[in-house]
Amino acid sequence: MITVRKSAERGHAQHGWLDTYHTFSFADYHNSKFMGFRSLRVMNEDRVIGGEGFPTHPHRDMEILTYILSGSLEHRDSMGTGEVIHPGELQRMSAGTGVTHSEFNASATDPVHLLQIWIMPTSRGIKPSYEQITLPAEKLDGLHLAASSNAGSSEAVHINADARLYIARLEAQKKVQANLAHGRYGWVQVARGSVDINGVQLQAGDGAAISEETSVSISNPGKAGNGSAEILFFDLA
């Protein structure tokens, strides 16, 4: 079963400096039907104007992933980390027992476009930690494992959660196959372009919950030269 969450139906807030869409309930947006999906708790699509950002604020007991679609984001936290995140890079912050951080547009003039993702942790009260990787562009033509609980390479971040995140960029007419073990669930988030998932059409900003499916076919049905599509695929307990 595939249940679509359309882009236009998400929660939306325009703060001047921040244009944000919430797939699930977040901040002032509340929808009892969309409190998350399995351990996936937050899927926010943010656009921040130049020179602005999120001032220092706290988190605890949450796995937080940030994926940059365009522009760059400057991160600072109470662990002493100071990094700039660029397109093609993935940031992971395990809040654990507690961490404070800020995220600001690294440019004074150009906007930054990003996805912020929260995943409920398997264990609470762990030591906070930070990780940032550059995804191998040459491997994104298939489903590339970008985050998991047993990640052990420079190509995937380690998360304290029973979840796996795959990222793929699909040129026109390209297809990938995702398999889900018995009792597992999937979530697809379309970052760019349009895709077909088991016959269901999705556009940029759309998401889809997948249950009672063992195999998911994800393709870019577009014509050659019309641009690529990019998706995030979550395998969830």
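Predicted model: local features only at pLDDT ≥ 70, side-chain atom pairs only at ≥ 80, totals over all residues.
Student: Which strand gives the most residues to the lining of the largest pocket?

Tutor: The largest pocket holds about 350 Å³ of space. Its lining counts 22 residues, and those closest to the centre are Leu 18, His 22, Phe 26, Ala 27 and Phe 54. Strands S2, S3, S4, S5, S10 and S11 each supply at least two residues of this lining. The strand that gives the most, with 5 residues, is S5.

Student: How many residues of the lining of the largest pocket are nonpolar, polar and charged?

Tutor: The lining is made up of 22 residues. These divide by type into 9 nonpolar, 10 polar and 3 charged.

Student: Is Ile 119 buried or exposed?

Tutor: Ile 119 belongs to strand S11. Leaving aside residues up to four places away in sequence, Ile 119 touches Ser 39, Leu 40, Met 62, Glu 63, Leu 65, Ile 159, Ala 161, Ala 163 and Phe 234. The cut-off for a buried residue is under 20% relative accessible area. Because the relative accessibility of Ile 119 is 0%, this residue counts as buried.

Student: How far apart in space are Ile 119 and Asp 162?

Tutor: In sequence, Ile 119 and Asp 162 are separated by 43 residues. From C-alpha to C-alpha, their distance in space is 9.2 Å.

Student: Which residue forms a salt bridge with Arg 164 at 3.0 Å between the closest N and O atoms?

Tutor: Side chains of opposite charge can pair when their charged atoms come close. The structure holds 13 salt bridges, and one network of them links Asp 162, Arg 164, Arg 184 and Asp 235. At 3.0 Å between the closest N and O atoms, the partner of Arg 164 is Asp 235.

Student: Is Glu 230 buried or partly exposed?

Tutor: The side chains of Glu 230 and Arg 192 meet in a salt bridge of 2.6 Å, N to O. This pair joins strand S22, which holds Glu 230, to strand S17, which holds Arg 192. Arg 192 is partly exposed at 31% relative accessible area. Because the relative accessibility of Glu 230 is 1%, Glu 230 counts as buried.

How values were computed. Residues numbered from 1 in each chain as written. Heavy atoms only, no water. 1 Å grid on protein atoms, 1.4 Å probe; cavity = no way out; pocket = protein on both sides within 12 Å on 5 of 7 lines; lining within 4 Å. Points joined across faces, edges and corners; volume = space filled by probe spheres on them. Helix = DSSP H or I, 4+ residues; strand = E, 2+ residues; numbered from the N terminus. Nonpolar A, V, L, I, M, F, W, Y, C, P; charged D, E, K, R; others polar. Buried < 20%, exposed > 50% of the residue type's maximum accessible area, 1.4 Å probe, protein only. Contact = heavy atoms within 4.5 Å. Salt bridge = Lys/Arg side-chain N within 4 Å of Asp/Glu carboxyl O.
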